[in-house]
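Colleague: I'm new to this one. Can you put it up and walk me through it?

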Amino acid sequence: MSATYGRTASTGPTFGGGGTSAGAAQAGIRRSSRLHTPLHYRIQRYGMETLAIAFGLVLAIWSVLPIYNMWMIALETHDGVFAGSIWPEEPTLESFRVVVTQDFWYLARFWHQFGNSFYVGLSVMFLTLAIGSLASFTVGRMRIRHGWMLSNAALMTYVIPASFLAIPMYRIMQIYGLSNHLSSVVLALTTFATPYAIFIFSQYGKSIPMELDESARIDGANPFQIYFRIYLPLMAPALVAVGTYALLLAWNEYLYNFLLLSTPESMTVAVALAQFLNSDESPWNFMMATAIIYAMPPIILYYGFRRYMAAGLTMGGVKG
Amino acid sequence: MSVTQQAVAIDGGFARSRPARHKWFGGIHGADYVWAAAFAVPYVVIFLAFVLYPICYGLWLGSEPQLYAQLWDDPRYFTAVLNTVIYVGVGVNLKMGLAFLLSGFFMRKRVWVKTLLVVFILPWATPALPAYMSIHWLLNGQWGMLNNILWLLFGWDGPVYLNSHWMGLAANIGAYVWKNLPFWTIILLAGRMSIPQELYEAAAVDGATGIRKFAHVTYPLMANLYLVCILLDTVFALGDFNATYFVSGGGPAMSTEVLATLGIRYAYTVALPRLGVAEVMTALPVLVPLVYILMRKLRVSEGQL
């Protein structure tokens, strides 16, 4: 992300900056000529800036409030949750201890379920990358006849809401004999992640010169060698972006996990977390502590790979 | 399916035609056909087994006419249709409008604006499930933080938000906007950044300021991207399950259900899977044209940016 921003930030002149967005060199000139700036312009400028800061503050509160709420409840004692304060009166890490040591009956298999989530996430990531890159290679590079049919199939899958396919998918997984099996979720989510992979890969693949393939072929490489030794290494940034995307998609998915996995053995954390809502007397502090632990990996991954993620997202949209 | 929404496909597309000379040198011969076919097989299998088959199966499940009579007699269905129209109509347009304005705001080149952007991304990086659960509790009438804040700041006794149809629906829309606003802002921000500065400079030379620069440079160049985003987000919002399911839970008394959640409710709470499928299928008259337009847009439209 910062890569993209950095580019325009360094070259960007006076657009949208409320009149104060000139570069450093110009700032000096402006400062020396400030005395000559009419007063009402200066008032207007500072007024705009104050307004912008106020707006930014509101925006920050809006963004953070539900997340702050999550932490606050997780740090409360059980009775503290119902005390009606807006910060924890006597903050305690007790809820986190309960979750980590699996000391509550909803959480009896927490680490096992955490492992399930990881297993699903990594499998979906791997399958999406493999299937997506193979398909985009054969459509984009080898240009097979009727390749457009494959692209259209992927495009259609991409724009069909997954929740609308949930009921038939559930039945079909039973027919395949995969219900309550982690592989059912892996396959379903791979199906929904691959179209995006094909899309991004075919976009990104256009930037790799065809001449590389041609010279490799003259040197006697077969298509698989070209795919494995030329295509994949050059696609690395796109692979990282799509891999992160697939991992997050699988980790964050709820509906399919909920429908396809129902035993405590096969559940992922998302399903286990939603189980708290089944009872009226749910221990909200335990639930929020679980939620925070569950939300950590994607947040870390997202902020760690922010650069690549944004690159992947904007790959489709932005040129030049 | 919240993160699917991260997937964006704005301009350019799958089947953009490449000039003939870019074909593999001499075309594909003999054994290469086998390779090419083998590479395509995994995706074809996935598509047939997990997309085409479920679609056909669903069409078959929902093919009995009396299911639709049953839906017609169910007042909850009409509530859900109305809710879906409001949810999608308000949710998408409000979000995209805000995202467009915010993308302009984030063009400001200030250090604090960049820091704010990092914070602003947080809702999107948080998984939907914990976030919506937190919002559900935040809006609790008795112990929720929002009412606590209102009480402390103004001495107001806030309402029980999730006990009313309209406020519940508004809460769902608000949660959906909260979760996805950062994503679309980033997309539109990237779109704005890709507008060549020379155009603004040329406009400035011609004497254009503020609003005219917007009307004659920003707007024409962003219109296509904005339209594709709106259409894409309409499809995503139509299929959104999590916000309604976890924020209002469809309540009170199933009055805030949307099509995506009511179908699941029919299938698994009432154990009428066929009715659930039929209910989802009533969205097809809207969904099919949308999907068709989007497929054309994503395939044909090439970076006008």
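Predicted model: local features only at pLDDT ≥ 70, side-chain atom pairs only at ≥ 80, totals over all residues.

Colleague: What's the mean pLDDT of chain A?

Modeller: The mean for chain A is 80, with 83% of its residues at 70 or more.

Colleague: Where in chain A does pLDDT stay under 50?

Modeller: One stretch is residues 1–25 of chain A, where the model has 38 contacts beyond four places in sequence. Another is residues 316–320 of chain A, with 23 such contacts.

Colleague: OK, the fold. How many helices and strands are in chain A?

Modeller: Chain A has 15 helices and 0 strands. Of its 320 residues, 46% count as buried.

Colleague: And which domains does the assignment give for chain A?

Modeller: The assignment gives domain 1 (23–92) and domain 2 (105–317). Their centres, taken over C-alpha atoms, are 36 Å apart. The contact between them takes 7 residues from domain 1 of chain A and 7 residues from domain 2 of chain A.

Colleague: Let's switch to helix 14 of chain A. Where does it bend?

Modeller: Helix 14 of chain A bends by about 35 degrees at Met296(A), and Pro297(A), a proline, follows within four residues. The helix covers residues 284–304, which is 21 residues, and spans 30 Å from first C-alpha to last, close to the 30 Å expected at 1.5 Å a residue.

Colleague: Which of its residues are buried?

Modeller: Among them are Trp284(A), Phe286(A), Ile292(A), Tyr294(A) and Pro298(A).

Colleague: What do those buried residues pack against?

Modeller: On the chain A side, the buried residues of helix 14 pack against helix 3 (39–75), helix 4 (94–100), helix 11 (236–252) and helix 13 (269–275). From chain B, helix 5 (122–125) and helix 6 (128–138) also pack against them.

Colleague: Last topic, the largest nonpolar core. Which residues touch the most other members?

Modeller: Leu189(A), Val242(A), Ala246(A) and Tyr132(B) do, in a core of 177 residues. Helix 8 (residues 165–193) of chain B gives the most to this core, with 16 residues.

Colleague: What is Ala246(A) in contact with, leaving aside neighbours within four places in sequence?

Modeller: Ala246(A) is in contact with Val124(A), Met125(A), Thr128(A), Ala193(A) and Ala197(A).

Technical notes
Residues numbered from 1 in each chain as written. Chains lettered and ligands numbered in written order. Core = buried A, V, L, I, M, F, W, Y, C linked by C-beta atoms within 7 Å. Buried ≥ 20, exposed ≤ 12 C-beta atoms within 10 Å, placed from the backbone. Helix = DSSP H or I, 4+ residues; strand = E, 2+ residues; numbered from the N terminus. Contact = placed C-beta atoms within 7 Å. Expected span 1.5 Å × (residues − 1). Bend = angle between axes of the 7 residues up to and from the residue. pLDDT = per-residue confidence, 0-100. Domains from an automatic or database assignment.
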